[in-house]
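Work through the exercises below with the structure open. Try each task before reading its solution.

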Amino acid sequence: MSDGGTRVLVTGATGFLGSALCPALRRLGAEVVALGSRDADLTDPTSLTRVGSGRFDRIYHLAAWTQAGDFCLRHPGEQWLINQQINTTVLRYWAERQPKAKLVSIGTSCAYAEGSAHREEEYLQGVPTESLYTYAMTKRMLQVGQESIRRQFGLEYLTVVPSTLYGPGYIVGAKQLHFIFDLAVKMLRSKDLGEPVVLWGDGTQRRELVHVADFVATLLDLEPQTRNEIVNIGAGSDFSLRECAEILADLVGIPSADIQWDLSRYVGAKVKRLDTAKIDALLPDRPRRNLRTGLSELVAWLRATGGHLGRRTAA
Ligand SMILES: NC(=O)c1ccc[n+]([C@@H]2O[C@H](COP(=O)([O-])OP(=O)(O)OC[C@H]3O[C@@H](n4cnc5c(N)ncnc54)[C@H](OP(=O)(O)O)[C@@H]3O)[C@@H](O)[C@H]2O)c1
């Protein structure tokens, strides 16, 4: 596949996913205009008008204001105001200034109602998990916005819904980490600094994980094949937190018996797994790293960057 001659705009380019997507697009030959909040604060409705008047073939809309853990529980009002504004800025720019561009946006598995089968046709149905309600609803509203603009003006979009992404390159800073990074950081700090490993919940909550490089490769293969659709990009299999923790403990070199489980802490949904029938039919041979291989890349990256040393962990 080649993207030579195409012009692409990426919002959220400085984030975890954007940092993997932009180089991949450039490797395919695309000219990429990569934006973080310092380049264009999307809560300012005029921010994208400063990007210039050139035409884009695609807009990858990744920007969102969120973090993992209990962040969404503690910031629902701000999340509504900020994410609705970010999305409206992008939708208006697309509809009014870039109607030839295809908008590729990133949805969330949290938008699915608890207990649903997480099939694409259910994305806007039922009530999302209460603790992630606002974040989920802003993602649903983004989908409603795209579909409304398509209906009235005939523009093209694609919404992809990832399960939790992991891999090297995660920005380990002041943010609350997605559980898998939190686990890896705690294990490495235990190994290097002798800190106890205290994990949230009882370890039975189940999650699926998609390596960020696999997600990017899948997205780039999928994009030309689909329009005006929602497509889940899930792993097709899930793991309990306990299983993930045991693999990480083994990779880091600490006894898994040292892991303590804090039953009083927030654990989110018990099970989160996307239905993958649609992507399986579209891309049956998409890349899917074995979890242990992917986690060993993450551990090697944290060790190489010392990313685990400079931060306090979530417990
Ligand atoms: N990571 C996952 O597991 C996962 C799973 C499902 C869905 N998603 C979705 O995938 C997308 C990318 O996720 P990610 O993990 O890469 O997120 P991330 O690392 O938190 O990055 C967020 C990006 O959004 C930008 N941003 C935040 N507020 C902004 C504003 N006011 N104006 C302009 N840009 C702003 C950030 O810019 P600065 O760097 O300048 O702050 C950053 O580039 C998000 O839409 C997220 O909801 C992610």
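**Exercise 1: The shell around the ligand**

The largest share of the shell around the ligand comes from α1, which supplies three residues. The model is a predicted one.

Task: Find which residues come nearest to the ligand, and sort the shell by class.

Solution. 
Step 1. The ligand has 28 residues around it, and those that come nearest are G12, G15, G36, S37 and A64. Two elements give two or more residues to this shell: α1 (16–27) and β6 (164–166).
Step 2. Sorted by class, the shell holds 14 nonpolar, twelve polar and two charged residues.

**Exercise 2: α1 and α6**

Task: Decide how α1 and α6 are oriented to each other, and state which residues meet.

Solution. 
Step 1. Helix α6 covers residues 212–222, and α1 packs with α6 at an angle of about 50°, the axes being 10 Å apart.
Step 2. The two helices α1 and α6 are therefore oblique to each other.
Step 3. The crossing in which α1 passes α6 is right-handed.
Step 4. From α1, F16, L17, A20, L21 and A24 meet V212, A213, V216 and L220 of α6. By class, this contact of α1 with α6 has nine nonpolar residues, no polar and no charged ones.

Definitions and conventions: Residues numbered from 1 in each chain as written. Predicted model: local features only at pLDDT ≥ 70, side-chain atom pairs only at ≥ 80, totals over all residues. Near = placed C-beta within 6 Å. Helix = DSSP H or I, 4+ residues; strand = E, 2+ residues; numbered from the N terminus. Nonpolar A, V, L, I, M, F, W, Y, C, P; charged D, E, K, R; others polar. Axes fitted to C-alpha atoms, helices over the stretch in contact; angles between N-to-C directions. Parallel < 35°, antiparallel > 145°, perpendicular 65-115°, else oblique. Left-handed = near helix turned anticlockwise from the far one by under 90°. Contact = placed C-beta atoms within 7 Å.
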